[in-house]
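Here is a short briefing on one model. Look over the sequence and the structure before reading on.

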Amino acid sequence: MLRDFARARDWEKYHTPRNLSALIASEAGELLALFRWDQDALGTRRSDVRHEVADVFLGILRFADVAEIDLVSAAEEKLRLNAEKYPARKESPP
């Protein structure tokens with residue numbers, strides 16, 4: 001659906017890995033900005049937070065599609081690597 005959305009608008013030529021990386025970073029920045037002066041933005045501006053999270057998610061999905069990255073297998077691999085790097089302990093800060 002996302003690929004069709006970009007294709008219908010002739011945006012594919014703009015969806016390079018570099019441009020999509022910038023899009024993800026800027027959308028993540030917009031999400032962070034909601035919390036800059038409002039620690040309770042999830043409660044007070046839930047709809048805005050929801051839309052910014054969706055923008056970040058869609059950017060990541062589009063990047064993965066263009067880069068031919070299987071997000072599920074990449075996430076599973078990363079979780080395994082993190083489990084080795086950060087073994088479970090009581091009171092282990094992130």
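In which loop does Asp10 lie? Asp10 sits in the loop between H1 and H2; helices are DSSP runs of H or I with at least four residues, numbered from the N terminus. This is a predicted model: local features need pLDDT of at least 70, side-chain atom pairs count only at pLDDT 80 or more, and totals for chains, interfaces and linings use all residues. Residues are numbered from 1 along each chain as its sequence is written, and side-chain values use heavy atoms, with hydrogens and water left out.

**Positive phi**
- Most residues other than glycine have a negative phi.
- Asp10 is not a glycine, yet its phi is positive, about 55°.
- Asp10 is partly exposed at 46% relative accessibility (buried is under 20% relative accessible area, exposed over 50%, partly exposed in between, with a 1.4 Å probe and protein chains only).
- Glu68 also has a positive phi, near 55°.
- Glu68 follows H4 and is found in the loop between H4 and H5.
- Glu68 is exposed, with a relative accessible area of 74%.

**Around Phe5**
- The structure holds 1 aromatic pair (ring centres of Phe, Tyr and Trp, the last by its six-membered ring, within 6.5 Å; planes under 30 degrees apart are stacked, over 60 edge-to-face, the rest tilted).
- The ring centres of Phe5 and Trp11 are 5.6 Å apart and the planes meet at 70°, so this pair is edge-to-face.
- Phe5 is partly exposed, at 38% relative accessible area, and Trp11 is partly exposed, at 37%.
- Arg9 places its charged end over the ring of Phe5, 3.5 Å from the ring centre (NZ of Lys or CZ of Arg within 6 Å of the centre and within 35 degrees of the ring normal).

**Helix H4**
- H4 covers residues 46-67, and its 22 residues should span 32 Å at 1.5 Å a residue (1.5 Å times one less than the number of residues).
- The end C-alpha atoms of H4 are 31 Å apart, which agrees.
- Buried residues of H4 are Val49, Glu52, Val56, Gly59, Arg62 and Ala64.
- These buried residues pack against H1 (2-8), H2 (17-36), H3 (41-44) and H5 (71-85), with contact meaning heavy atoms within 4.5 Å.

**Lining of the H4 side**
- H4 gives the largest share of the lining of the largest pocket, 6 residues.
- H1, H2 and H4 each supply at least two lining residues of the largest pocket (a pocket is an open set of points on a 1 Å grid over the protein atoms alone where a 1.4 Å probe fits, with protein on both sides within 12 Å along at least five of seven lines; lining residues have an atom within 4 Å of a point).
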